[in-house]
Amino acid sequence: MAETEEVNPVFLQQLMELGISEDKAKEALIKTGNQSSDSAALFYFSELEMFSGFEVGGSVNDVYKMVFVVNMELTMGVGKVAAQVAHAAVGLYQVMLEESHNLRQMLTTWDNDGGKKIVLRGQSTEHILKLQEQACQLKLPNFLVQDAGKTQIAAGSRTVLAIMGEEKLVNQVTGSLQLL
């Protein structure tokens, strides 16, 4: 990558907040014409990320990520979505801490590698339930948030599905979904 190529600093910051290194974020922005952080992120997660496990000391099997699939058929404000994603993250983390040594080790490795977290769009409750079923079939830890119904949506509404695991397995379940 040429040192002289400029990238939009706002887009760069947004990509880095997704857990993408500065160099990889710049490369993705340049390769997508510096159009938007969304297009660069999609490029990164579909192209550049495939080879990230081969960096020094890494292995493809050691790359983990946590994804959050938001139920877009529900009418939730930005703050509500943020709260529901937070519930999903904490819920999944707690389940994994309680389950087994292997899942705790996965959390430690994931956290040490920067704790990659991605928020994606789910079409509906039915769609999220199908994704959860696929995650279970692949033995991926997951957590589905059901809202208490105290603010914007009905009690019991399924708002966010959190899934964690080896990146290549998580991508089998959520790889075709759009970023939120």
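User: Why does M76 count as buried?

Analyst: This is a predicted model, by the way. Buried means under 20% relative accessible area, and M76 comes in at 15%, so it counts as buried. M76 is found in the loop between strand 1 (64–71) and helix 4 (78–99).

User: What makes V70, N71, V81, Q84, Q152, I153 and T159 contacts of M76?

Analyst: The test is heavy atoms within 4.5 Å. Leaving aside neighbours within four places in sequence, M76 is in contact with those residues, T159 among them. M76 and T159 are 83 residues apart in sequence, and their C-alpha atoms are 9.0 Å apart in space.

User: What makes the pair S37 and Q14 a polar contact?

Analyst: A polar contact needs a pair of N or O atoms within 3.5 Å, one able to donate a hydrogen and the other to accept it. The side chains of S37 and Q14 make such a contact at 2.6 Å.

User: On to helix 2. Why can its buried residues be said to line one face?

Analyst: The buried ones in helix 2 (residues 22–31) are A25, A28 and L29. Looking down the helix axis, they fall within an arc of 100 degrees, so they line one face. The face turned away from that buried side carries D23 and K31, which are exposed. After helix 2 comes G33, with a positive phi near 75 degrees.

User: What makes strand 1 mostly covered?

Analyst: Eight of its eight residues are buried. Y64, M66, F68 and V70 point one way, K65, V67, V69 and N71 point the other way, and all are buried.

User: How do you know that strand 1 pairs with strand 4 and with strand 2?

Analyst: Two strands pair if there are at least two bridges between them. Strand 1 and strand 4 (residues 158–166) have seven bridges, in the antiparallel sense, with V70 opposite V160. Strand 1 and strand 2 (residues 117–122) are joined by six bridges and run parallel. There, V69 has L120 as its bridge partner, and M66 stands opposite K117.

User: What is the strand order of the sheet, and why are strand 2 and strand 3 at the edges?

Analyst: The sheet is open, has four strands in the order 2-1-4-3, and its pairing is mixed. Strand 2 and strand 3 (142–146) each have a single partner strand, so one side of each is left without a neighbour in the sheet. Direction ignored, neighbouring strands are turned by 20 degrees against each other on average.

Definitions and conventions. Residues are numbered from 1 along each chain as its sequence is written. This is a predicted model: local features need pLDDT of at least 70, side-chain atom pairs count only at pLDDT 80 or more; totals for chains, interfaces and linings use all residues. Side-chain values use heavy atoms; hydrogens and water are left out. Helices (H or I, at least four residues) and strands (E, at least two) are DSSP runs, numbered from the N terminus. Buried means under 20% relative accessible area, exposed over 50%, partly exposed in between (1.4 Å probe, protein chains only). The arc is that of the directions from the helix axis to the C-beta atoms. Axes are lines fitted to C-alpha atoms, for helices over the stretch in contact, and angles run from 0 to 180 degrees between N-to-C directions.
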